[in-house]
Amino acid sequence: MSSTMSHPQNQAMEPVGIGAGALTGHDVHREAPKGPQGLPPSNFYAPFRPKEIAGAVALIGYLVVLCAVWAAMMIFGDWAIVGLFRVLGASLPAAELWGNAIANILFVVLAFVMLLATLLTMGERKWSAFIQDRIGPNRARLPGLKNHAFWGIPHILADVGKMMTKEEVVPAMGNQTLFHLAPAIAFAPAVILFAVIPLSPDFTLWGEHLHIGVAPHLNQGLLYIFAIASIGVLGTSLGGWASNNKYGLLGAMRASAQMISYEVTLGLTLVGLMLIFGTLRLDSMMSQQTGHLFGFLPNWGVFYQPLAIVAYFAAASAEIKRAPFDLPEGDSEIVGYFIEYSGLKFGIYMIGEFVEVVVFAGLFTTLFFGGYHLPWGEGWLAGHLGPTWLAGLQVLTFLAKTVFFCWLSLAVRWTYPRFRYDQVMNLGWKLLLPASIANVALTGVVILAGGMHGAAIMGIVELVILLAWVVGAVGVRRSGKETLLPTESAAASEHG
Amino acid sequence: MAEPNTATASPAPPPSTAAAPAGPSTSATTIAPAPEGFVNVVVDGKHAVVPQGVNLIEAARQVNVAIPYFCYHPKLSIAGQCRMCLVETSDARGRLVAGCQIRVKEGLQIFTKTDLVKDAQRASEEFHLVNHPVDCAICDQSGECKLQDYYVGYDAKPSRIATYKVNKPKRKIFGPLVVYDGERCILCTRCVRFMNEIAKEPQIAMVGRGDHSEIDTVPGGQLDSKYSGNTVDICPVGALLNRDFRFTSRVWYLENERTVCDACANGCNVGADVRADEVYRYLPKRNEEVNDVWLCDDGRVSYHRAMDGRVETARIGRGDAARFLSDEAAVQSTAEALKPLVGSSELAVLISKTLTTEEMLAAAVFARDVLGQKRIYSTGRPPGSGDDFLIRTDKNPNAPGLDLVAKALGLELIDADDPKNHAQHLVMFGAEMTGDLSARGQAMAQALKTLVVLGVQHTPITEAATHLLPLSTHLEQEGTFLNYYGRLQRFRQAIPQRFDSMPAWAWVTRLSKALGGQWLFESAAEAFGVLAAKSAPLGGKSLEALPDTGVVLEGLAPAEYPARAPRPAGTK
Amino acid sequence: MPIDTVTIREPDYGPRERLYLRELVRGLLITSRHFFRNLFGERDLNSEVGERQGANLIATVSYPEERRAYPPGYRGMHRLVPREDGKPRCVACYMCATVCPAQCIYIEAGEYDQEGIEKYPTRFEIDELRCIVCGFCVEACPKDAIRMDTGTHSPAVLSRPLATFDKEALLKGPAVSHPTDAITYGKSRRGEPLKH
């Protein structure tokens, strides 16, 4: 039985000139398909409407109110606490500093570090999108403001909501206590590291002597940083171990090895700075980074210790486990020490990483880039604005510098591929550590021989050589060899 | 490809040298003389020994060479209308002869693949398509249409005809079962010859001349013969179509399952065209000793019994008290109703003559051994009209089967579907009855306290039932029918059991189990085995070993066969 | 069995290559360039991504708000093509249902009383969830009665039965006629209605 259709007559009945195509009508009487191809243009990128302007104003207003609250706490908190102690009849030495201290803690931790870190979670996603020619997250909306994405910021709220409502899975065979404790141990050092960083010089507002920064006057500022930074490894290694997961443990082991290795470099790179500034106090270092070298260069650490900057940046990246040193996470291979974590505990690990980014960007700013100091014109501004307004401007300067180095950290993370484990160890022990030791020795010799001025000249010479090297003017060019891949060159040498 | 007689055949002579028997390729061997009544022929180089007197088409068929034809039919007279079967023979190379008309003779060589023949075939096909509408898309024949197949096989070229086509009657109702489309007709006259020669009722004829020729009924009459459906079967194109089947399904969706028609006692072999659990039509199957290749119209539409008005679910209680139950619950309820009646003289068992032999056996042993009855009553469809060809007056397909079963089990069979008046409880295997069904149903509903009915279709009888169990038709089960002259014909399951229905032996097994009886049948073959062990005519046959065309049991043949009815070979 | 070995010698990198500083900075400059171009450049919303102009390099098409035009041969949702009188061109030949590899087409045939064409679909349903959008039905149709030129894809639905479109839902779009329609749809080539 055949089901074949035959159509001899149909074709014969077509008028002359119309071929077999007429049978299915693909070339006669065919209308252009009418689909909804031209949709109404998107209002997604339309100019702002009143509602949206209101939303943006609300966002800025939040920041302003935050600052106002801080200022109010600074001033009235003082009075309130001092009054409280007076009422209680107790006498408290330097009681007037307590309000300042509490307000500083709240401001620095909540408004500065946490806010920046929170924005960085979205910043990473959005900035990486721009680096990769994408748009990035833009779907979440604020209630009542459906027409604007606010650069993805509502996603932060969505993420927080997700993290808080997600089921928290706890591995039954893991160490329960440490499992719950580990995120806090990892998170706390990152936050309290910021304590010794001064965000502004001391200034006077309405008769009160104030400064921004929790404990910038600490004598052992740098040592405090080394001490607290090394605690962070506990959180990761305990978290990985307590998960009772082989991948978690693997990540934890990598984290421990890497962080301990790079702590040495991290410390040694800063020894040069100690030698130059002759102090461990960060506020003291800060106050020394004012003025100008040779009349025009800002008197910043970068011009004394350019080698240390490179080493420090690499070591700091490794210390906070950011790409290209993110082997402990290694999301594409072992997921890492937090593999068993979910919900808010994972969220704490994640936000902790961004807090670390902010903290190290702040340290970088403080140590090498003049902290809150403007590069030029501070003297003129102090004359015209007065020290109080200048202090406000300097806080913004510090913020700008910190944000820039956060961005740099993220740009590095989205530019370079992850190191292999042996490469990390080679880089740390064989290159960065010898280089930082050499830097210490060199700095010591130069300071002995030429003092601060000699150190500045050395730094600038180093910087010029480094830049020239980067640009490619100096350096040994070996003909043709660069263009060969390793295997190709090996083959060429074997068969050549 | 099977090539019979190749052991004695010579190597194939090429057609060009065939006219010279002494050529080098054929000189090595000689063709052995054919046995008495047979002749040697060579078809496209293949040697065949064929009976004397067959035509070239049949001779070529012996060696699997297909000569195309429209009008030729082995059971009809030769018309030579279509000119599709033109071939060359060694008698006259370069001339074409009609393969249907020319008979074989000793040593004849037939050529069906030469350029001349191919040209002729292509031309014939093209001529047939000159006025054909090629509306295959709406034509029910497409898929089983010779014109369609041959177009692909022998023409396969666009038509060169650019003139208007002749308009002819379309959708002309010829009779109750047949509709005619004149434009599709290629005027092969198979239908006319069938009505003249086989049905002996010349109700249609070719009228008109030239390209206005068409088939039409005689003036004032219509094609209402009892065999009109066969004209649809033999129509090679879509000109005559079955009104019952029309537009219900495309033929390529259907599977042809061999079974037996249950519309009368003749037991015609049919193929049921089925798709999923539905039968769409019956087509006759060839069985020279039962129905030849024909089928009557009543049988052709009898599949509707399996499709329409079925008892779908078991029901307990009649009228307003009716409840629909699952199989298990219905069996339990029925068994409870039957339990106090075991051995009672107030109980009677009716077995329908429409059941399969296996169902009858199961019902009979249930009556005898579980219900403790000495006699059974037979019921069935009322007799109808018959003729001397394929239609029997007895409309029950298996009346001799019930006799056989009763005899084998030693039960008294009373050929009446009205048990004695004192029977207040009745078990009916099969809901068929004679007489005025609605009146009888009302009477039974009043008179009977218990009426267990295993029924296929809803009737007044099933309405009166207190316990109604859905019964499968013969299409839904394996089994045998014993036709009017004692031919035991086996059929296989054609479709799945529809709704909740089961064969009677399956119901018996369940009821028997519920009543503590010993008769548990797993299959029809098991029931047949029980019968074969007890019945002398069956003589230890097994269901699996029965051939598709059936076997004739001794001692059941009628004294005289109807005049034209097909009968076992060698029977007068 | 000897094993072919290839010795790969570590290339002899000098300090400059090993420090890799220049390449690091170059890489950083590349990513920074993309970042700033995409941050400050104005997005060209041309739906043909390859033809976008300007500094912005973002290639995204934000789907629900922005859409690319479907290409001319796009196989969209089916439609049953109407005749000039609004009835479906379909003659219920089951070719589409037969050829459909997903068996998503269900047809029941009926008979017109008075028209030249006898057969038409009383039911014609397509399960768009089952449909694999292969277009075989369009190819198989001898009457140009089913097309996929609506330019829309099958819509999202809230329950499965809603994705099964019946004859009324499918019968839409511009009517189509062919010179061969005369024989199928009831008029002879001479323009007269066919005799019945």
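1. Let's start in chain A, where helix α9(A) passes α13(A) in a left-handed crossing. Please keep in mind as you look that this is a predicted model.

2. How far apart are the axes of the two helices? They lie 7 Å apart, and the helices pack at an angle of about 145°. Helix α9 of chain A covers residues 306-319, while helix α13 of chain A covers residues 421-471.

3. Now look at who makes the contact. From α9(A) come several alanines, among them Ala311(A), Ala314(A), Ala315(A) and Ala318(A). On the α13(A) side, the residues include Gly428(A), Leu432(A), Gly459(A) and Leu463(A). By class, the contact has eleven nonpolar, four polar and one charged residues.

4. Next, chain C. Its secondary structure amounts to six helices and five strands, arranged along the sequence as α-α-β-α-β-β-α-β-β-α-α. Of its 196 residues, 27% are buried. Among contacts with a separation of 6 or more in chain C, 61% join residues 24 or more positions apart.

5. Which strands form the open sheet in chain C? There are three, in the order β2-β3-β5, with antiparallel pairing. The edge strands are β2 (105-111) and β5 (164-165) of chain C, as each pairs on one side only. As a reminder, strands of a sheet pair through backbone hydrogen bonds.

6. Finally, zoom in on one pair: β2(C) and β3(C), the latter spanning residues 119-127, run antiparallel and are joined by seven bridges.

Notes
Residues numbered from 1 in each chain as written. Chains lettered and ligands numbered in written order. Predicted model: local features only at pLDDT ≥ 70, side-chain atom pairs only at ≥ 80, totals over all residues. Helix = DSSP H or I, 4+ residues; strand = E, 2+ residues; numbered from the N terminus. Buried ≥ 20, exposed ≤ 12 C-beta atoms within 10 Å, placed from the backbone. Contact = placed C-beta atoms within 7 Å. Pairing = 2+ DSSP bridges. Axes fitted to C-alpha atoms, helices over the stretch in contact; angles between N-to-C directions. Left-handed = near helix turned anticlockwise from the far one by under 90°. Nonpolar A, V, L, I, M, F, W, Y, C, P; charged D, E, K, R; others polar.
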